[in-house]
Amino acid sequence: MSSLPNALTISRIALVPLFVAAFFLPGEAGRWIVFVLFCLAGATDALDGMLARKYGAESSFGRMLDPIADKLIVSSALLMLAADGTLSGIHLVPALVILCREILVSGLREFLAAADVSLPVTRIAKVKTTVQVAAIAALIASSATERMLPGVTIGALIGMWVAAALTFYTGYAYLQAGLSHAQGDRRRRRADANDEAPAVRREQRPA
């Protein structure tokens, strides 16, 4: 059971090439396939986390791989939506904010991991993820559902802007945490250097 959450995470990464390829399928059927694959990726994300917590199967490998899988599927979706014109003009801004935040947080996690410091996932970050996934899923299906549900595209775009605002807020909070740790680490090194200096001078004093 301990390997099942990791297997689900790996399967989510394996879906990415299929997900991207499905964007090139013609007509509404292609969009529905993309939508199903995106929802399947979201379902495995929720399931592997639930199983890891329930059976105590959390691992360093899983903690490393899970955010990578999430970023791959979200980034692929945003890039493909921009490529086919679903996201265009001013509505490219929230996509750029989301992508830049993902890069920022990845860098911060790598920096802090070297110092054995973790960035906990906040409640607002979880809300951001939910809004973001729902908006992207709605955009993926928008061309196929607009006739049945007029206004779904506008609603999805509004959701993208809301997700971008939450993304900016959480990214700024993570950046502050990283800078605060970096400044504290710099002050500690400076204090250690000052403590060592008198001892060095004493050792160099002639007998």
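**Entry 1. T130**

I looked up the accessibility of T130, which counts as exposed because its relative accessibility is 55%; buried means under 20% relative accessible area, exposed over 50%, and partly exposed in between, with a 1.4 Å probe and protein chains only. The model is predicted, local features need pLDDT of at least 70, side-chain atom pairs count only at pLDDT 80 or more, and totals for chains, interfaces and linings use all residues. Residues are numbered from 1 along each chain as its sequence is written, and side-chain values use heavy atoms, with hydrogens and water left out.

I placed T130 in helix α5, residues 123-145; helices (H or I, at least four residues) and strands (E, at least two) are DSSP runs, numbered from the N terminus. I then took the C-alpha separation of T130 and A163, which is 8.6 Å for residues 33 apart along the chain.

Is K128 buried or exposed? K128 is buried, because its relative accessible area is 3%. Setting aside residues up to four places away in sequence, I listed R101, E102, A163, L166, T167 and T170 as touching K128, where contact means heavy atoms within 4.5 Å.

I also checked Y169, which lies in helix α6, residues 152-204. Y169 counts as partly exposed, at 49% relative accessibility.

**Entry 2. R101**

I located R101 in helix α4, residues 92-114. R101 counts as buried, because its relative accessibility is 9%. Which residues is R101 in contact with, leaving aside neighbours within four places in sequence? I recorded K128, T167, T170, G171 and Y174. With T170, the side chain of R101 also forms a polar contact of 3.3 Å. A polar contact is a pair of N or O atoms within 3.5 Å; within protein, one must be able to donate a hydrogen and the other to accept it, and residues adjacent in sequence count only if both atoms are side-chain atoms.

**Entry 3. Helix pairs**

I turned to the packing of α1 (residues 4-22) and α2 (residues 27-54), whose axes come within 9 Å and cross at roughly 165°. Axes are lines fitted to C-alpha atoms, for helices over the stretch in contact, and angles run from 0 to 180 degrees between N-to-C directions. That crossing makes α1 roughly antiparallel to α2 (under 35 degrees is roughly parallel, over 145 roughly antiparallel, 65 to 115 roughly perpendicular, the rest oblique). I noted 16 nonpolar, 4 polar and 3 charged residues in the contact of α1 with α2. Ala, Val, Leu, Ile, Met, Phe, Trp, Tyr, Cys and Pro count as nonpolar, Asp, Glu, Lys and Arg as charged, and the others, Gly among them, as polar.

I next examined α2 and α5, which pack at about 165° with their axes 8 Å apart. This makes α2 roughly antiparallel to α5. On the α2 side I listed E28, R31, W32, V34, F35 and F38, and on the α5 side residues including V133, I136, A137 and I140. By class, the contact of α2 with α5 has 11 nonpolar, 2 polar and 2 charged residues.

**Entry 4. Whole protein**

I counted 6 helices and 0 strands. Of the 207 residues in the protein, 35% are buried. Among contacts with a separation of 6 or more, residues 24 or more positions apart account for 80%.
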